[in-house]
Amino acid sequence: MKMITKYEVYGLWSVKKDSSCPLCKAKLELVPKEGHYNSEYWGRQRDDGMLLYCCPEGCSLKKAEELYLYGELTLPIEKVKEDEIVYIDTLTWDGLTAGASHYYGKIRQFNDSGLEEYEVSVVLDEHMAAALSEPDYTYEVGDTSERFDSEKQLFARAAEVYKKHFPKAKVLVDGSDCAVEPQLVIDGPPNYKATNNTMLQKFRSHGEYTGNGIKVAKKWRKLFRK
Ligand SMILES: [Zn+2]
């Protein structure tokens with residue numbers, strides 16, 4: 001095992017027996033707890049017994065990710081079924097009405113009972129009440145509001161509550177179930193979320209409908225739409 005200290009090397013948690021590096025094909029080895037660049041990632045161990053592996057030759061994670069995004073390599077992402085995904089539909093008057101910049105959101109899912117949806121709401125604390133209050137209307141601490149001061153706050157609140165409304169849910173997505181291009185995963189299993197959102201970022205940075213943007217969207221559909 002080379003001790004790589006300057007950049008992040010390709011690695012995975014709890015690999016299957018004899019998993020190998022996608023770049024050099026070397027068998028992955030356990031990451032040392034100290035002295036290796038990836039050692040710090042032991043801090044992200046979620047369950048006892050999870051083990052962190054990486055390429056013993058020090059192949060770069062960045063390179064591996066690039067290959068992955070362009071369809072030449074597959075990293076394991078957690079399996080998520082369609083009925084475990086909840087979508088948030090956002091409504092804002094930001095930029096449409098002078099002075100208004102509030103956000104409303106509904107979390108929704110089409111399931112056996114048809115369309116099931118809930119308005120995202122929050123009990124206001126001091127800071128949120130002050131941010132929402134306007135000259136002609138004052139919000140009080142303890143009021144329930146369906147109005148959010150920013151999209152970030154709306155998403156954070158939705159991530160807190162969606163599993164209470166949809167107990168089976170594992171993933172919260174900003175978008176809809178019929179999208180054919182990457183959408184933001186607000187909450188979800190770590191590899192699923194990271195892979196999806198990296199692809200979204202790539203998709204956008206490619207100007208979306210250029211050659212590489214189309215490639216990313218195709219790969220995304222293969223991985224996330226089945
Ligand atoms: Zn390697």
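Start by selecting G175, which sits in the loop between β9 and β10. Helices (H or I, at least four residues) and strands (E, at least two) are DSSP runs here, numbered from the N terminus. This is a predicted model, where local features need pLDDT of at least 70 and side-chain atom pairs count only at pLDDT 80 or more, while totals for chains, interfaces and linings use all residues. Residues are numbered from 1 along each chain as its sequence is written.

**Around G175**

Is G175 buried, exposed or partly exposed? With 17 C-beta neighbours inside 10 Å, G175 counts as partly exposed. The cut-offs: a residue is buried if 20 or more other C-beta atoms lie within 10 Å of its own, exposed if 12 or fewer, and partly exposed in between, with C-beta atoms placed from the backbone. Leaving aside residues up to four places away in sequence, G175 touches Y87 and Q183. Contact means that the C-beta atoms of two residues, placed from the backbone, lie within 7 Å.

**Zoom out**

Show the whole protein chain, which has five helices and 10 strands. Its C-alpha trace spans about 65 × 40 × 35 Å along the principal axes. Colour by domain: the assignment gives domain 1 (1–76) and domain 2 (77–226), with bounds that come from an automatic or database domain assignment. The centres of domain 1 and domain 2, taken over C-alpha atoms, are 31 Å apart.

Then switch to colouring by pLDDT, the predictor's confidence in each residue, from 0 to 100. The chain averages 87, and 92% of the residues score at least 70. Among the elements, β9 has the highest mean pLDDT (97) and helix α1 (residues 61–69) the lowest (79). Of the 226 residues, 23% count as buried.

**The five-stranded sheet**

Next, pick out β6, β5, β4, β9 and β10: in that order they form an open sheet with mixed pairing. Two strands pair if DSSP finds at least two bridges between them. β6 (114–119) and β10 (184–187) are the edge strands, each with a single partner, so one side of each has no neighbour in the sheet. On average, neighbouring strands of this sheet are turned by 35° against each other, direction ignored. For these angles, axes are lines fitted to C-alpha atoms, for helices over the stretch in contact, and angles run from 0 to 180 degrees between N-to-C directions.

β5 (residues 103–111) runs antiparallel to β6, and six bridges join them. A hairpin links the two strands through two residues. How many of the six residues of β6 are buried? The number is zero, so β6 lies largely in the open.

**Helices on the sheet**

Select 151–165 for helix α3, which packs on the sheet and touches β4 (85–92), β5, β6, β9 (171–174) and β10. The direction of α3 makes about 30° with that of β5. Helix α4 (residues 190–205) lies across β9 and β10, running at about 150° to β10.

**Into the cores**

Which residues have the most contacts inside the largest nonpolar core? They are A158, L172 and I186, in a core of 17 residues. A nonpolar core is a set of buried Ala, Val, Leu, Ile, Met, Phe, Trp, Tyr and Cys residues joined through C-beta atoms within 7 Å. β4, β5, α3, β9 and β10 each give two or more residues to this core, and α3 supplies the largest share, four residues. Centre on L172: beyond four places in sequence, its contacts are V86, I88, A158, A159, Y162, I186, D187 and G188. A second, separate core has 11 residues, including L28, C54, C55 and Y68.

**Last stop: the loop between β1 and β2**

Most residues other than glycine have a negative phi. Select D18, in the loop between β1 (11–13) and β2 (29–30): it has a positive phi of about 60°. D18 is exposed, with 7 other C-beta atoms within 10 Å. K25 is also found in the loop between β1 and β2, and its phi is positive too, near 70°. K25 is exposed, with 10 other C-beta atoms within 10 Å.
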